Amino acid sequence: FADSGMQWHKSVCRFCGVGCGVMVGVKNGKVVAVRGDKFNTINKGHLCIKGFYLHKVIYSKTRLTHPMIKKNGKFEKVSWDEALDYVAKKFNEIRKQHGPDALAFYGSGQAETEETYMANKLFKGCIGTNNMEGNPRLCMASAVGGYLTSLGLDEPSGTYDDIEKAELFLLIGSNTAEAHPILFERIVRHKAKNPNVKIVIIDPRTTPTDQVADLHLFPKPGWDLAILHAMARIIIKEGYADEQFIKDNVVIKGNDKKNMTFEQYKQFLEKYTPEYASKISGVPAEDIVKAARLFGQAKTAMSMWTMGINQRTRGVWANNLITNLHLLTGKIGKPGSDTFSLTGQPNACGGVREGGGLCHLLPGHRKVANAKHREEVAKVWGVPVKNIQPKPGKHTIAMFTALNEGKIKGIYIMCTNPAQSLPNASKYWKGLKEQFVVVAESFFPTATTQYADVVLPAAFWAEKEGVYGCTERRSQYMPKVIEPMGEARWDAFILRDLGIRMGFKKEFEKYQTAEDIWNEYLTLTKGRDMDLSGATYRRLKEVRGLRWPVPSEDHPGTYKRYVKGDPIFDELPAEKKKGRWIYFYGKPEGKAVIWARPDKGPEEPTDDQYPFALTTGRVLEHWHTNTMTGTVPELNRAVPKAYVEINPEDAKALGIANKDQVIVETRRGKLKIEARVINRPEKGTLFIPWHWEEWMANVLTIDAFDPGSKEPEYKVCAARIKKA
Ligand code: MGD
Ligand code: SF4
């Protein structure tokens, strides 16, 4: 392409939380190709198939190119002025008549940090409601709860650099090969070079990730907590625990938050014999012993998990029990050892966790409930501190319930498609139908736009600049390389202009560029655990991202938290860290917590009426609700439709043949779908990829959620299946 007039720009993939670097090829004002960025240390030039076809998504026929208002049941094209005046008028009326909490914002871990920042300021700082949520609640909330309770602060201590240093991988509740393909590739290459590397998988289903497994434990969906306790018991009994590490760096707590001695913890674990865990989980006792020994014997270990652990009614506990294994063996804070949650979306960490885009958070890992935090944020936002309410707003399920009940009367939905992606989705269509709904979208129609009163066309990926922060605490800059299609505009400026029209001129007119917003955000990260203040646009434009803490422009970023080299650890007073090489500074005395949590199964266990456990997830070729990947012919040809995977033994017993149409039914709904008879789910388990609106898996899923993280249990509910 060198002499063909093509210009290549360094950017970041639009899709998953891996955060691969891409080069975007632009010719005659159009993006014509995407290739892996070989200088990006995450993917070193490699891309998965979704990243490879990213440029095709931009020119999809379904791009939304002008604002529309629904008039007499039909969408009509309108000008930006008319659309924004209308939304501002309606929102102000609702606020005046019913108070600020009658309004809500629902955003996304795919929005840029600058976009979420503007929404946060508008809703929490100006309108005065904490009813601000986003799809990371459906995705990462349990991991956040796990990190906070176990280590004291959110987000992993290690980074991807640990992959090439690890001797053992515990992949639990993660189909890494399909959901985080480039990280999987790194694991595979590492194992190919180092045959002593072992991979243990704990997952109810055989997936492509199994190609490299040394051992696979197949628990019944939702019944794996006892396995983790049993592993901890074997680790202690067989002498793999690092008692000095525990003594120096760990406290042990019961579920009642009371401290326990190591002896008491051992007593607690006594119940979790391999045989007991086997009875609960269905996994052979000897496999549990093997897994524990592999973990105990390895010099270094990385646990990686994602939705199979997080999307559970006891997701936080499951996170804690994984981290327990690392704290027991001291396999944390050292090269090649970490308890490493894989995030699903490209900016769930950056924009929403760090940016404070949930109902209880404020930017910079701050909380609305903390008076000092409210003051700090109000000052930077230039709003009266009383505007920011101290009480958390409604979490996602509570928010859509309030919409159903008419307690929330107006909602702004940005960069997410909840009519399809919420659990038990059809239950929440009522509120979307009845209340005032604004959807900012790049594509049309989607499952959610049909319920909108106003749709606002959003610039897509390469049409805007901004920052994404991926799984390994790395923030990366994406340039605007082409003009937005039609009248589409950048989400952050749509929100800015809405704010101005709602009467917050002084608060919003100062933002003229993306950099203005980023710079203001950086001031709110200064001195925080996730200090990004050295990650200026100037620097981010040059480098392939920076991993926080990065407290100054000459700081290289941080490979490992809590240890030497982490600027926060380095600056701790000497007497504090005396005799300590690791200090969990988010916890009292710098000590992490081993939790003695009860083991609990799913909210809706199988029974005689609904004897199958239904689980849902991704395939490699598609992204979430398919509004993007579904427009790429190559990806559609690869996986054109949904199906339900059923084990051959179950299929035979029910007289179901491959490709038969079947009905899958739960207590919430029914779905007609094609059967795929395949040895992937274990006997008694069904799996549906959830990407298609036409075969909407979420009419079946349950909306029960973790009482701590409020993350719903997408991964398990009881179902039955019969031939259609
Ligand atoms: P997406 O398809 O990613 O799904 O659920 P959603 O967020 O609802 O939606 C993103 C939307 O943003 C798309 O409609 C896209 O067209 C639009 N969009 C793209 N770019 C832009 C942009 O720049 N601006 C704007 N304004 N819009 C844009 C994801 C959610 O789904 C998540 S995060 C998880 S983890 C859950 N996973 C899950 C599961 O495992 N099983 C089941 N059954 N359901 C699930 N639902 C959850
Ligand atoms: Fe994009 Fe994720 Fe694929 Fe990398 S692994 S190319 S970030 S979808």
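Around ligand 1 there are 34 residues, of which the closest are Cys139, Ser421, Ala458, His624 and Thr625, a residue being near a molecule if its C-beta atom, placed from the backbone, lies within 6 Å of it. This is a predicted model, in which local features need pLDDT of at least 70, side-chain atom pairs count only at pLDDT 80 or more, and totals for chains, interfaces and linings use all residues. Residues are numbered from 1 along each chain as its sequence is written, while chains are lettered from A and ligands numbered from 1 in the order in which they are written.

**Shell around ligand 1**
- Ligand 1 lies between domain 2 (68-139 + 348-509) and domain 4 (612-701), because both give residues to its shell; the domain bounds come from an automatic or database domain assignment.
- Helix H18 (418-421), strand E18 (436-441) and strand E24 (612-617) each supply at least two residues of this shell, where helices (H or I, at least four residues) and strands (E, at least two) are DSSP runs numbered from the N terminus.
- The shell residues divide into 14 nonpolar, 18 polar and two charged, with Ala, Val, Leu, Ile, Met, Phe, Trp, Tyr, Cys and Pro counted as nonpolar, Asp, Glu, Lys and Arg as charged, and the others, Gly among them, as polar.

- Pro418, which is placed in helix H18, counts as buried because it has 28 C-beta neighbours inside 10 Å; a residue is buried with 20 or more other C-beta atoms within 10 Å of its own, exposed with 12 or fewer, and partly exposed in between, C-beta atoms being placed from the backbone.
- Not counting residues up to four places away in sequence, Pro418 touches Tyr106, Phe400, Ile413 and Thr448, contact meaning that the C-beta atoms, placed from the backbone, lie within 7 Å.
- Ser426 lies in the loop between H18 and helix H19 (429-434), and it counts as partly exposed because it has 14 C-beta neighbours inside 10 Å.
- Leaving aside neighbours within four places in sequence, Ser426 is in contact with Gly669 and Val699; Ser426 and Val699 are 273 residues apart in sequence, yet 5.7 Å apart in space, C-alpha to C-alpha.

**Strand E8**
- Both faces of strand E8 (residues 168-172) are covered, since Leu168, Leu170 and Ile172 on one side and Phe169 and Leu171 on the other are all buried.
- E8 runs parallel to strand E9 (residues 198-202), to which five bridges join it, and Ile172 has Ile202 as its bridge partner there; two strands pair if DSSP finds at least two bridges between them.
- E8 also pairs in the parallel sense with strand E13 (residues 301-305) over five bridges, where Leu170 stands opposite Ser303.

Notes:
Contact = placed C-beta atoms within 7 Å.
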